[in-house]
Amino acid sequence: MTFTKDELAAVEKAVLSRRTFKVIGDVADTVSLDAELDERCRALVRRAVGAADAAPFHYDRNFDGVAQPWRVKILWHDACQKVAAHFCQWFDNVKPGNKLPGMLSACGACVVVSWLPQFEGAFEGSVSNPGQALPPKEKQIQIDQEHLAATSAYVQNLLLLLTASNMGTYWSSGGQFRSEAMKQRLGVENSGSVLAAVFVDFLPSGEGQGNATQQAKGAPERVPGKLASKRAPMERWVSEVSIDQI
Ligand SMILES: Cc1cc2nc3c(=O)[nH]c(=O)nc-3n(C[C@H](O)[C@H](O)[C@H](O)COP(=O)(O)O)c2cc1C
């Protein structure tokens, strides 16, 4: 497999242009999406969710016969709006200023990515080889950390593919999506521990969305990631190691 310079430039472009934007709408004044745009973006999201599966993973998680340690649930725009509308009824711990209902109202999709702990914090029935001797504690911790690390690689793949599909992304820790109460509401018990609720913006400032129409009365607020401008330059966190003495 070789890449041309243009292909390398395209990959770099996706990596460098991925940026967090929280898109916050108004629960009472919902965004409706153009049907053709919605259809096209759903196909692109499904494609990205599938292609992101090329992420590396170190251990066979072997749960439900599936080796990968990640699991994915997709909530489309209409489902997100229903969750937004019921959010304050479903949860009694919603603080004033909680942005999830507003983000759920505005997004085209919310892709919830979870990972399956195998040992620590594992859910009932999840240990892959019941009856078999467990590995030493240190090894258990390493295996679980690497299931989590692999799932992070999955999420980053997804963000890059969505970015290259001209959609906006925001990796949220998930807030109430992490709770058992939400899992019950969504009927997704045994889906492990939520690592990311990826909010997908089908209308990132109209860029690449020539025929999009957005019918909300007020444009949603767009908030950049709070650490985006805090990156230290490369020379502060990378060093090249040479072995001079043996
Ligand atoms: C594991 C993980 C969880 C995150 N969770 C949140 C979150 O809950 N709330 C938030 O505002 N940003 C969250 N972010 C996004 C970061 O704020 C964002 O990546 C950072 O500010 C850098 O901005 P950039 O993504 O535009 O480079 C999360 C990022 C990661 C990797």
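**View 1. Overall fold of the predicted protein chain.** Read along the sequence, the protein chain runs α-β-α-β-α-α-β-α-β-α-β-β, a pattern made up of 6 helices and 6 strands, where helices (H or I, at least four residues) and strands (E, at least two) are DSSP runs numbered from the N terminus. This is a predicted model, in which local features need pLDDT of at least 70 and side-chain atom pairs count only at pLDDT 80 or more, while totals for chains, interfaces and linings use all residues. Residues are numbered from 1 along each chain as its sequence is written. The C-alpha trace of the protein chain spans about 65 × 50 × 35 Å along its principal axes. Of its 246 residues, 30% count as buried, a residue being buried if 20 or more other C-beta atoms, placed from the backbone, lie within 10 Å of its own, exposed if 12 or fewer, and partly exposed in between. Among contacts between residues at least 6 apart in sequence, 84% join residues at least 24 apart; two residues are in contact if their C-beta atoms, placed from the backbone, lie within 7 Å.

**View 2. Confidence along the chain.** The protein chain averages a pLDDT of 91, and 91% of the residues score at least 70, pLDDT being the predictor's confidence in each residue, from 0 to 100. Over residues 206–217 pLDDT stays under 50, and for this stretch the model has 18 contacts beyond four places in sequence.

**View 3. Helix H3 and its bend.** The 14 residues of helix H3 (residues 77–90) should span 20 Å at 1.5 Å a residue, and the end C-alpha atoms are 19 Å apart, which agrees; the expected span is 1.5 Å times one less than the number of residues. H3 bends by about 30° at alanine 84, the bend being the angle between axes fitted to the seven residues ending there and the seven starting there. Its buried residues are His77, Cys80, Gln81, Val83, Ala84 and Phe87, and these pack against helix H2 (35–51), strand S2 (70–76), helix H4 (100–106) and strand S3 (109–115). Lysine 82, also found in helix H3, counts as partly exposed because 13 C-beta neighbours lie inside 10 Å.

View 4. H5 has 28 residues and reaches 41 Å from its first C-alpha to its last, close to the 40 Å expected at 1.5 Å a residue. Its buried residues, among them Ile143, His147, Tyr154 and Leu158, pack against helix H1 (5–17), H2, S2, S3, strand S4 (168–172) and strand S5 (193–201). Alanine 150, found in helix H5 (residues 137–164), is partly exposed, with 19 other C-beta atoms within 10 Å. Not counting residues up to four places away in sequence, alanine 150 touches Ala55, Pro56, Phe57, His58 and Pro69. H5 is followed by asparagine 166, whose phi is positive, near 65°.

**View 5. The shell around the ligand.** The residues around the ligand are Arg19, Thr20, Trp171, Ser172, Ser173, Pro224, Gly225, Lys226, Leu227 and Ala228, a residue being near a molecule if its C-beta atom, placed from the backbone, lies within 6 Å of it. This shell divides into 4 nonpolar, 4 polar and 2 charged residues, where Ala, Val, Leu, Ile, Met, Phe, Trp, Tyr, Cys and Pro count as nonpolar, Asp, Glu, Lys and Arg as charged, and the others, Gly among them, as polar.
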